[in-house]
Amino acid sequence: MNIKLKIWRQRNATSKGKFVEYQLNDVPAEASFLEMLDILNEQLVLKGDDPVTFDHDCREGICGACGLYINGHPHGKFKNTTTCQLHMRKFKDGDTITVEPWRSEAFPIIKDLMVDRSALDKLIQAGGYISVHTGGVPDANAIPVNKHKADLAMDAAACIGCGACVAACKNGSAMLFVGAKVSQFALLPQGEIESEDRVQKMVARMDALGFGSCSNTYACQAECPKGISVSNIARMNRHFFAAKIKK
Amino acid sequence: MKLNSKIPSGPLSEKWTKYKSEQKLVNPANKRKLDIIVVGTGLAGASAAASFGEMGFNVKVFCIQDSPRRAHSIAAQGGINAAKNYANDGDSVQRLFVDTIKGGDYRAREANVYRLAEVSNNIIDQCVAQGVPFAREYSGLLANRSFGGAQVSRTFYAKGQTGQQLLLGAYGALSKEIERGTVKMYARREMMDVVIVDGRARGIIVRNLVTGELERYSAHAVVIATGGYGRVFFLSTNAMSSNGSAAWQCYKKGAFMANPCFTQIHPTCIPVHGDYQSKLTLMSESLRNDGRIWVPKDAEKARLIREGKIKATDIPEDERDYYLERRYPAFGNLVPRDVASRAAKERCDAGYGVNNTGRAVYLDFKEAIQRLGKQAVEEKYGNLFEMYERIVDENPYVTPMMIYPAVHYTMGGLWVDYELQTTVKGLFAAGEANFSDHGANRLGASALMQGLSDGYFVLPYTMQNYLADQINVSHVSTELPEFEEAEKAVKQKITKILSINGDETVDMIHRRLGRIMWEKVGMSRTEQGLKEAIEEIRQLREEFWQRVKVPNTEGMNNELEKALRVADFLEMGELIARDALMRNESCGGHFRAEYQTPDGEAQRDDEHYAFVAAYEYQGADNEPLLHKEELKFENVELKQRNYK
C-alpha cells in the first residue's frame, strides 16, 4: 500500500519542531507500524537524511517503550493495542497518517517522537513497592491470598508504564498509573500493611512532579493499551481519603 | 592460565552452605566506602543492584532503555521454576537439579546447577513478599503448571506475563533503594568499554545516548548483567536494543567467553513473514501444556495448504501427524526446546511444512477447548491468543496456530567461576550474560530462576567475599590514564564508523549476517557450512568497515548505536562458528549433522567433549586461544538423553 505520513520532527528539547510530510510506497500490509517506520528510516539514511527517532524495544507489547500519537490517539485508535502491535493492514491504501510524540508537560520531548518519561520512575520511587529486603521472608504459601483479589491485583499490575494514560488526559494526570500500582498492593495482604503511607507518598509525588488532576473523563482507560480499569482510581481515592481521615 | 572454577569441597548438597559459612564479610561501616557498578537492569541486574543497596554498598546502575523497568526480562511469558513440591508430585531440589543438568545435555557445572535448584525456593518466597501477583488456586495458595523437560508441575506463573511481574518486583526493590539513596540510576546509557586498572575491573566507559557524550564511572567492582547475544542472528525474539557488546568488550579486555555456540532456538514462535521483518515473537512454551503440535501426514495435503487451496481445518483427525507424541510418547509435546525445534525443522525439510513459506507447523487447541471449554483456555492463554491474532490476523480458537523455531536465548556467555567472577578480577557476570547454569540447552522457566538467583541470592554473598580485600582501596579516580585510554579508543572507533559514509545501512548488513548465521550456524550445523560461515562473516566484516552508512548527527543517533553493536556482532558470529566447528559432537542446542544417532537424536561425545570451552582473546587478527574446563559428573550419571 502507499501512504502519506505527517511526522513531528524536532531536533532536541529546546529547538522548535514541525510536521514533515513523507510519501511511503509499497508498504507491506503485514508489517507492524514500527516496521513501517523502519522502512522509512532506511530510505532516509540512504538519502543522507536524519532518520526519525522514536522509542521502541521489545516490539511485542510488553516493555512499554513505544508510544506514539497516531491520528490523534495514543498507540492509534485500536483497543488494547500498543504501537508496536499495530499492523499496517489496519490502514488503507492512500491514507494520510499523522504521527506525534506523547503530548504532556510531564514528558518533555528529547528528539522527534521520543519523550522523557522519567517522571513515571520517580512516581514509583515514592513508594510503588513493598518495602521488603532480600531474604528473611516467610514461605510463599504462608499467607493465602483470595484468588479474586489476586486476579484483580494482577489486572492492575499489567500496566506497562508507557504513559498513554497521561498523554491521553487533557489534564496530564497520572491517576490511572498511580491508581493501578496502589491497587495492586492494597489488594494483597503483603502490600496492605503499608498501603496508607504508600498512597499518600505517591499522590504527593504526583503533585510535586507537575502531573495534573483527575476530572473523570476516563480518556485514560479508553486509551490504555492494557485495558487498566478506572476502578483502580476509585480504589486509590478510597484509600487516600481513609488515610487522610485517620490522620 | 588454568581455569579455576573455585567449587567448594564437600558433598554437593553442602557446598553452598559451606561457602556461605566460610566467606569473608565486610562490616557496615566499610560497605559505605565501597562502590559497585551494575550494568543492566533485567532480572539479574536489578535484583543484584537492589540487594547491594540494601546491604549498604554504593551502587551505580546503568540501563540502555529510558527506564530500568523495560529490560527484556519483561517479555518472558511462561513462568519460573522452583522445587517447592506444592503440587505434591514428587518434586525436590535433587529432581530440579537432575532435570536441569539433563536438560542442558550434561554440559553444565554440577555445583552451580545444584545451588540454583537450592535457592529456587527462596526466589518464590521473595517475590511473593514483594507483591508479585502469581496465579493462585481458590484455596488462596499458589498455582503451578508444567513446562518442557519436566514430568512435575513446578512452574509458578502470573498469567502469560511472569517475566513482567518478576521484573517489576525487582524494579520496585531497585526503586526503593534509589529513593533511599544507596543506588544511583543512569538510564539511556550504553556501556562502551570496561576499564581495568592493575589487573582489576575498576570502571566503565558509557555513551550517554541522549547527548552522545562519553562518560566515565569508577567502582571497586563491576557486574555485567546485560543479557545474551541472540541478535547476532538478526531475527530473534530478543528486544531491538538487546546486544552482546558489553560482554564482548569484557572479552576483548581479558575475560574468557565460554561455550558461545550454545544458542537456543525456541520451538514456538510466530513464523517469519517478510524481508522487512524486524523481530520475531515468541508464543510461550506453556502453550505446549495444552496445544498439540502436528503437520499433515500426507505431503500432498501440506502442499495444498501452502498453496492456499485447503485449510488446516480441512485435514481430518486421522490424517494429522502429531509427530512429537509419535516420536516421544513419554514427554509428548513437552520435550525440551532443542528437541522440539529440530523435530519441526525435520518435518518442514521433509516437505510437510505449512504456511505459504512451508516453514511452519500447527499448534492446535481443538482438543483442549473440547476438554476444558473455551473459557478455561481463554483464562490460561487469553493474552497469548490475542497477541497471535493481532500479528497473524487469524483466530487461534478456530484455526490452529502456526509456529516455527526462532533464536531465543544464548546459554553461552562470559566464563565465570562458582562466585560468578570472570577471569578478570572484580569483573562479575550474572544472568544470561554468563554461561554457567544451562549447559547446552536451557529448560523453559529456568532463565527467570537463574537471573533472580544470581542477583538476589548468589552475588550478594560472593561480592562481599571479593570486596572484603578491597576495603583499603580508596575511591577510584576516573582521571587515571586507564580511563583516558579506554575513552580515547571508543572515540576513535566512533569517528571511524561515522567517517565511512558508504552505501548500505546498518540493518542491511545486519540482515546479511543474520542470514549466514541462520543458514549455517543455526539449528543444524556441518563442518563445511561452518567453515564457509567463518569466511563469509570475515568478508562481511570487511564490507561493514567500508560500506556502512551512518548519519553524522550530533547527540541522539540511533543508527550509530546500532552500528556499534553490529560491529561487535560481526566478530561474535565468527567466534560462535569457530566454537561450533571445534565441538565435534551434538549436544543440546548445538546440533552437528555429522553427529547424530540412527534415529536423528543428538549424539554427544562425553569422552572428548565433556568440557566448557573458554576462549581467550588474542587480538583482532589472531585465532582465540581455547581453554578447557573439564566437567566432572559425580552426582548424575552421564546418559543419552531420552524423552521417549
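These legends describe several close-up views of a predicted model.

**View 1. Chain A as a whole.**
The secondary structure of chain A consists of 9 helices and 7 strands.

**View 1**
Chain A has 247 residues, and 51% of them count as buried. When contacts in chain A between residues at least 6 apart in sequence are considered, 70% join residues at least 24 apart.

**View 2. Domain 1 of chain A touches domain 2 of chain A.**
Domain 1 of chain A covers residues 3-111, and domain 2 of chain A covers residues 118-246. Taken over C-alpha atoms, the centres of these two domains are separated by 29 Å. Each domain of chain A gives 17 residues to the contact. On the side of domain 1 of chain A that touches domain 2 of chain A, there are 7 nonpolar, 8 polar and 2 charged residues.

**View 3. Chain A meets chain B.**
In this contact, 62 residues of chain A touch 64 residues of chain B. The elements of chain A that give two or more residues to its side are α1 (33-47), β6 (109-111), α2 (118-125), α3 (147-157), α5 (175-186) and α6 (189-192). Of the side of chain A that touches chain B, the largest share comes from α1(A), with 6 residues. By class, this side of chain A has 28 nonpolar, 19 polar and 15 charged residues.

**View 4. A:His148 is found in helix α3 of chain A.**
A:His148 counts as exposed because it has 11 C-beta neighbours inside 10 Å, and the cut-off for exposed is 12 or fewer. A:Leu187 is 39 residues away from A:His148 along the chain, and the C-alpha atoms of these two residues are separated by 9.7 Å.

**View 5. Helices α3(B) and α6(B) cross.**
Helix α3 of chain B runs over residues 43-55, and helix α6 of chain B over residues 162-180. Their axes come within 8 Å and cross at roughly 35°. The crossing of α3(B) and α6(B) is left-handed. Residues of α3(B) in the contact include B:Leu43, B:Ala46, B:Ala50 and B:Glu54. Those of α6(B) include B:Leu166, B:Ala170, B:Leu174 and B:Arg180. Sorted by class, the residues of the contact of α3(B) with α6(B) are 10 nonpolar, 2 polar and 3 charged.

**View 6. The largest nonpolar core includes B:Ile36.**
This core has 290 residues, and those touching the most other members are B:Ile36, B:Val223, B:Ile224, B:Val361 and B:Leu414. Its largest share, 13 residues, comes from helix α17 (residues 558-582) of chain B. Leaving out residues up to four places away in sequence, B:Ile36 touches B:Phe52, B:Phe57, B:Val59, B:Ala219, B:His220, B:Ala221, B:Val223 and B:Met463.

**View 7. Domain 1 of chain B touches domain 2 of chain B.**
Chain B is assigned domain 1 (12-21 + 34-262 + 411-470), domain 2 (267-406) and domain 3 (481-605). The C-alpha centres of domain 1 of chain B and domain 2 of chain B are 31 Å apart. The contact takes 19 residues from domain 1 of chain B and 22 residues from domain 2 of chain B. The side of domain 1 of chain B that touches domain 2 of chain B has 5 nonpolar, 12 polar and 2 charged residues.

Definitions and conventions: Residues are numbered from 1 along each chain as its sequence is written. Chains are lettered from A and ligands numbered from 1 in the order in which they are written. This is a predicted model: local features need pLDDT of at least 70, side-chain atom pairs count only at pLDDT 80 or more; totals for chains, interfaces and linings use all residues. Two residues are in contact if their C-beta atoms, placed from the backbone, lie within 7 Å. Helices (H or I, at least four residues) and strands (E, at least two) are DSSP runs, numbered from the N terminus. Ala, Val, Leu, Ile, Met, Phe, Trp, Tyr, Cys and Pro count as nonpolar, Asp, Glu, Lys and Arg as charged, and the others, Gly among them, as polar. Domain bounds come from an automatic or database domain assignment. A residue is buried if 20 or more other C-beta atoms lie within 10 Å of its own, exposed if 12 or fewer, and partly exposed in between; C-beta atoms are placed from the backbone. A nonpolar core is a set of buried Ala, Val, Leu, Ile, Met, Phe, Trp, Tyr and Cys residues joined through C-beta atoms within 7 Å. Axes are lines fitted to C-alpha atoms, for helices over the stretch in contact, and angles run from 0 to 180 degrees between N-to-C directions. A crossing is left-handed if the near helix is turned anticlockwise from the far one by less than a right angle, and right-handed if clockwise.
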